[in-house]
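Visitor: I am new to this structure. Could you show me how to read it?
Guide: Gladly! Let us take it feature by feature.

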Amino acid sequence: TIASLEDAIDEPTETFTLSVALTSGGAVGDTSDTGTGTITDDDAAPDVLIGDVSVAEGGDLVFDVTLTGPSSSTITVDLTTADGTATAGSDYTSTTGTVTFTPGDTAETFTVPTMGDLVDEPDETLTVSVTGSTGTVGDTSDSGTGTILDDDAAPDVLIGDVSVTEGGDLVFDVTLTNPSSGTIAVDLSTADGTATSGSDYTATRATVVFVPGDTAETFTVSTTGDLVDEPDETLTVSVTGSTGTVGDTSDTGTGTILDDDGAPDVVIGDVSVTEGGDLVFDVTLTGPAGSTITVDLATADGTATAGSDYTATTGTVTFTPGDTAEAFTVSTTGDLVDEPDETLTVSITGSTGTVADTSDTGTGTILDDDATPDVLIGDVSVTEGGDLVFDVTLTSASGGTITVDLATTDGSATAGADYTST
């Protein structure tokens, strides 16, 4: 009896021979005969298995390709890739190849390169399957799944700052820090800073949509022009909601509305009044201001004299935001003196707030209301030989010197005989 040895190798049926090597004892005849022993293989042809594998995008998928048991002869296995959710050419390199198992070998590998990108996307898959083989194999229907692991973070939403002259449109750049493989919608809304919606800009809500691969969109806010001198003003745009896979949405954009109105000049109007009345000067700004402006004013003599013709006056007028017209009052003094119309000036001595030219002055004219005086000559009598002293008077005082030339004329008296012609 000869025992055969068990193994796990798929192999052909094998034989050996038994022959007479030596005899002893009695006589024998022919000893050349041999016997054949046949060992029948009981191991099935090996199946081909392909393991699943995963790798971060940009790395190599190394598939384990194995036989369920060793073979005594060489086996070759043809393999190829096929798209799953991954796409050959953009996510991985389409690959075909052949792995060879030498006798006794049960483990080989098949490598598929993947491609890295900056796109946030789900993990993607491909498959490797057997397309042909040589040698004795069993089942070749197994396939291996390769998973390409995405290593790109979900994109953050960024909103850029922007400025525009009042009356123009603020166009905010809204961007993603990296592209996405899915559609992303971002809801945006304005909020007051120092600017006020309705008067400085139009309150705006809108949604910007990023299609796959898109990273740049815009959001537009209309501003309102005016004639008011004011500081530059601001508003903000922020994210109020989103759909799709995004990262940080806390960023905000600041829109600056640039004022294009010059600081107002201060203008003082001329005015006249009859003596004894009030001179009311119009003090105006050439345009409204966005903040309070104060203007200090004072009188100065022209031909009129403070104290006798008018009351010397100082004061401050205040323009609240949007106000362009105020008044400054100077009292005048009435008298009975006939005189020319007289003048005084009002000028600016100081200001607060933002103003431009303050060099203007206003002229106040005091109109005389006294009539030109009449000349009266009184009657007089005297004893002959004495002097006749006539009273010569004006019906009212005058502000200027008046000279009156007088001459005598005979009545019943005769010049030279009764009086001296004068």
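Visitor: What is the order of the strands in the open sheet of five strands?
Guide: A general idea comes before the case. Strands of a sheet pair through backbone hydrogen bonds, and the pairing is either parallel or antiparallel. In this predicted model, the order is β20-β26-β25-β22-β23, and the pairing is mixed. At the edges stand β20 (271-274) and β23 (314-319); each has a single partner strand, so one side of each has no neighbour in the sheet. On average, neighbouring strands here are turned by 25° against each other, direction ignored.

Visitor: How many bridges join β25 to β26?
Guide: Five bridges link β25 (residues 342-352) with β26 (residues 362-367), and the two strands run antiparallel. To find the pairing on screen, look for Thr345, which stands opposite Thr363 in β26.

Visitor: Which residues line the largest cavity?
Guide: Rolling a probe the size of a water molecule over the atoms shows where empty space is left. The structure holds one cavity of 30 Å³ or more, with about 40 Å³ of space in the largest cavity. Its lining is made of Glu275, Asp309, Thr333, Glu339, Pro340, Asp341, Glu342, Ile366 and Asp368. By class, six of these are charged, two nonpolar and one polar.

Visitor: How many helices and strands does the protein chain have?
Guide: The chain has zero helices and 28 strands. Its radius of gyration is 59 Å, well over the 22 Å that the globule rule gives for 422 residues, so the chain is more spread out than a compact globule. The C-alpha atoms fill a box of roughly 230 × 30 × 25 Å along the principal axes. Of the 422 residues, 31% count as buried.

How values were computed: Residues are numbered from 1 along each chain as its sequence is written. This is a predicted model: local features need pLDDT of at least 70, side-chain atom pairs count only at pLDDT 80 or more; totals for chains, interfaces and linings use all residues. Side-chain values use heavy atoms; hydrogens and water are left out. Two strands pair if DSSP finds at least two bridges between them. Helices (H or I, at least four residues) and strands (E, at least two) are DSSP runs, numbered from the N terminus. Axes are lines fitted to C-alpha atoms, for helices over the stretch in contact, and angles run from 0 to 180 degrees between N-to-C directions. On a 1 Å grid over the protein atoms alone, a cavity is a set of points where a 1.4 Å probe fits but cannot get out, and a pocket is an open set with protein on both sides within 12 Å along at least five of seven lines; lining residues have an atom within 4 Å of a point. Grid points are joined across faces, edges and corners, and a volume is the space filled by probe spheres set on the points. Ala, Val, Leu, Ile, Met, Phe, Trp, Tyr, Cys and Pro count as nonpolar, Asp, Glu, Lys and Arg as charged, and the others, Gly among them, as polar. The radius of gyration is taken over C-alpha atoms; the globule rule is 2.2 Å times the number of residues to the power 0.38. Buried means under 20% relative accessible area, exposed over 50%, partly exposed in between (1.4 Å probe, protein chains only).
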